[in-house]
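Let's take a friendly walk through a protein model together. Have the sequence and the 3D view ready, and turn the view as you read.

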Amino acid sequence: MDGSGFEPPFTDPESDHRCCGICPALRLPRHRFAVADRPSNAAWPFNEKDGLRYTRDEVPVCVHPDRVGLAPELMAPPRVPDPPALSPATRHRWWRRKGT
């Protein structure tokens, strides 16, 4: 995340991945979707409103792990926190004031 709240998607249409046009990997960062081993309307129902499949816990799910290069895992991995920003007091100055 770049501080603006924008999180880039896991992959993009121009990459080497062969994602489906409706894959959550094209819309969401990796920590926001799960990966199933196969399509299943019973297990991962399709939501016609947004074009995604969902787990029972309402997590978007990719159903073609081989196309995105990921192993199946039914829970999205936790988000890796951003490193803390340095406050002005902890930044190191590369110059010294005169007299200090």
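Below we look at a pocket, then at a few side chains and their neighbours.

Before we start, keep in mind that this is a predicted model, in which local features need pLDDT of at least 70 and side-chain atom pairs count only at pLDDT 80 or more, while totals for chains, interfaces and linings use all residues. Residues are numbered from 1 along each chain as its sequence is written, and side-chain values use heavy atoms, with hydrogens and water left out.

Let's begin with empty space. Rolling a probe the size of a water molecule over the atoms shows where such space is left. On a 1 Å grid over the protein atoms alone, a pocket is an open set of points where a 1.4 Å probe fits, with protein on both sides within 12 Å along at least five of seven lines. The largest pocket holds about 150 Å³ of space, a volume being the space filled by probe spheres set on the points, which are joined across faces, edges and corners. Its lining, meaning residues with an atom within 4 Å of a point, consists of 14 residues, and Cys20, Ile22, Cys23, Val63 and His64 lie nearest the centre. Strand S3 (52-54) and strand S4 (60-62) are the elements that each give two or more residues to this lining; strands here are DSSP runs (E, at least two residues), numbered from the N terminus.

Now find Ser40, in the loop between strand S1 (34-35) and strand S2 (46-47). Is Ser40 buried or exposed? Ser40 is buried, because its relative accessible area is 15% (buried means under 20%, exposed over 50%, partly exposed in between, with a 1.4 Å probe and protein chains only). A polar atom of the Ser40 side chain lies 3.1 Å from the backbone nitrogen of Ala43. Leaving aside residues up to four places away in sequence, Ser40 touches Pro45 and Arg53, where contact means heavy atoms within 4.5 Å.

Next, go to the segment before S1, where Arg30 sits. Arg30 has 16% relative accessibility, so Arg30 counts as buried.

Finally, which two rings form an aromatic pair? Phe10 and Phe33 do, in an edge-to-face arrangement, 6.0 Å centre to centre and with 70° between the planes. Rings of Phe, Tyr and Trp (its six-membered ring) pair if their centres lie within 6.5 Å, and planes under 30 degrees apart count as stacked, over 60 as edge-to-face and the rest as tilted. Phe10 is partly exposed at 30% relative accessible area, whereas Phe33 is buried at 0%.

Conventions: Helices (H or I, at least four residues) and strands (E, at least two) are DSSP runs, numbered from the N terminus. A polar contact is a pair of N or O atoms within 3.5 Å; within protein, one must be able to donate a hydrogen and the other to accept it, and residues adjacent in sequence count only if both atoms are side-chain atoms.
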